[in-house]
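Please read it alongside the sequence and the coordinates.

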Amino acid sequence: MNMPLAPYACDPAKSRGRRFAQAPAPTRTEYQRDRDRIVHSTAFRRLVYKTQVFLNHEGDLFRTRLTHSLEVAQLGRSVARTLGLNEDLVEAIALAHDVGHTPFGHAGQDALNDCMANFGGFEHNLQSLRVVDHLEERYPEFDGLNLTFETREGILKHCPRRQAEALERDEPGGVGRRFLDRQQPSLEAQLCNLADEIAYNAHDIDDGVRSGLLTLEQLQEVALFDQYRLQTLAEFPQLADAHQGRRLLYESIRRMLSSQVYDVIAATRAALEAARPHDVQAVRGMAPLVQFGPVMREQSRTLKAFLLQQLYRHPQVVHTTGQAQVVVQELFAAYLRCHNEMPQRYQHRILQAGGALAGHEGDAPGVAARVVADYIAGMTDRFALREHERLTGKRLLT
Ligand code: MG
C-alpha cells in the first residue's frame with residue numbers, strides 16, 4: 001500500500017516548474033510527465049548500448065547503463081514508498097541520472113575530459129543536464145525535454161564551482177545555485193544518489209563473478225558480502241556444492257541488497273525524526289538526511305575499495321579501458337580536424353555559434369570542441385567503434 005506523501009517530500013502540485021511554461025497534463029502529475037519524457041528520449045534508448053563496467057559487446061548478460069538505471073529506479077522507488085517520498089520523481093531522476101555518460105564507461109569520460117581540458121572539461125553529471133536541457137531535439141518550441149526543476153536538480157548530482165557560476169548566470173536561482181550556497185537537493189535526489197551506489201556495488205559483484213574476474217573466494221575478504229554468504233550457507237548447506245555457485249551468489253547478493261535498503265530506511269527515518277524538516281525547502285538547508293547508518297557506511301566503503309582494486313583495476317579491464325580511451329581521443333581529433341565528418345546538424349551548430357561569435361575569435365575553437373564532445377558523448381559503444389574504424393582504418397576492441 002502506498003504511504004501518503006510526507007510533508008518533506010516533493011509535491012508535484014508545488015513544483016518550481018519548467019523553464020518554458022506548459023499547461024498541465026490532464027491525467028499525469030508533473031513528475032510522471034518528466035519520467036515519460038525521459039523514457040521516450042533518444043539519450044535514454046542509447047543507454048542500452050553503453051558500458052557500465054564491461055564493454056557492451058563483451059557479453060549479453062552484463063549490466064549496461066540502461067539496466068543499471070532500471071535497477072537504481074527499482075531500489076529508489078521501494079525506499080521512497082516506505083519513507084513517503086515521491087516515487088515518480090525518484091523514478092524520473094533515476095532513469096535520467098546517467099544519460100550524459102559517454103561510451104565506454106569511466107574510461108570514455110576520462111578521455112573526453114582530457115580532450116576538453118582547454119575548453120572547460122567534460123563531466124558526465126553536467127552532461128546529463130545538458131542532454132535534458134539542450135541536446136534532445138524533440139519539441140517545436142524549445143530545445144531539450146523541458147523537465148521540472150526538481151528532476152533537473154536531482155540529475156545534477158555534482159557541479160564544480162566554475163560551472164555552477166555559469167549555470168547561475170544562465171538561470172538565476174536555478175539548479176546551479178545550491179552548489180554556490182552549499183545546500184542539499186530534495187530527499188528524492190539524495191535517495192537516487194545512494195540507490196545508485198547500492199545498485200552498482202551489488203551488480204558489479206554479480207558481473208565481476210560471472211565474468212570470471214572475481215571469485216567467491218576473493219569476496220570472502222569483504223565483510224558486507226561474506227556475512228550473507230555464510231548466513232545463506234548456514235540455512236542452505238547444499239549450496240556449498242560447486243554446481244550451486246550461482247544460487248549462492250544470487251542469494252548472498254539479494255540479502256546484501258535487502259540489508260542495505262533496510263539500513264538506509266532506518267538511518268534516514270532516524271535522521272528525519274531528529275531534524276524534522278517541515279518541507280522540501282527546509283530539507284535543502286539541512287545536512288544530507290538520506291544515509292546509511294555508521295556501520296553500513298563503513299562496510300559499503302570497504303566494498304567499494306575492494307571493487308576498485310580487484311575489478312575496476314583488473315588488468316583485463318584496464319586493457320580494454322586503455323583501448324577505449326584511444327578510440328575517444330582519436331575520434332575527438334578527427335572530428336575537430338574535419339567538422340564535415342559529423343552529421344550536418346552538428347556542423348550547423350558550429351557555424352551558427354561561429355556567426356554569433358564574430359569578433360570574438362578566441363571562443364570559436366571552444367565552441368567546436370564542445371560540439372564534438374556532445375557528439376561523441378552521445379554515441380553508443382558500438383557506434384563509436386564503427387566511426388573510429390571508418391575514420392582511422394583501425395579496429396579496436398572488436
Ligand atoms: Mg549510475
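In this predicted model, the C-alpha centres of domain 2 and domain 3 lie 38 Å apart. The protein chain is assigned domain 1 (26-187), domain 2 (190-314) and domain 3 (317-392), with bounds that come from an automatic or database domain assignment. Residues are numbered from 1 along each chain as its sequence is written, side-chain values use heavy atoms, and hydrogens and water are left out. Local features need pLDDT of at least 70 and side-chain atom pairs count only at pLDDT 80 or more, whereas totals for chains, interfaces and linings use all residues.

**Magnesium site**
- His68 (NE2), His97 (NE2), Asp98 (OD) and Asp196 (OD) coordinate the magnesium ion at 2.2 to 2.7 Å; donors are N, O and S atoms within 2.8 Å of the metal (3.2 Å for Na, K and Ca), and sites may look incomplete because water is not among the atoms.
- The donor residues follow the sequence spacing H-x28-H-D-x97-D.
- Because histidine 68 lies in helix 3 (residues 65-83) and aspartate 196 in helix 10 (residues 187-211), the pair ties together parts that are 128 residues apart in sequence; helices are DSSP runs (H or I, at least four residues), numbered from the N terminus.
- Histidine 68 counts as buried at 0% relative accessibility, where buried means under 20% relative accessible area (1.4 Å probe, protein chains only).
- Aspartate 196, at 7% relative accessibility, also counts as buried.

Key. Helix = DSSP H or I, 4+ residues; strand = E, 2+ residues; numbered from the N terminus. Buried < 20%, exposed > 50% of the residue type's maximum accessible area, 1.4 Å probe, protein only.
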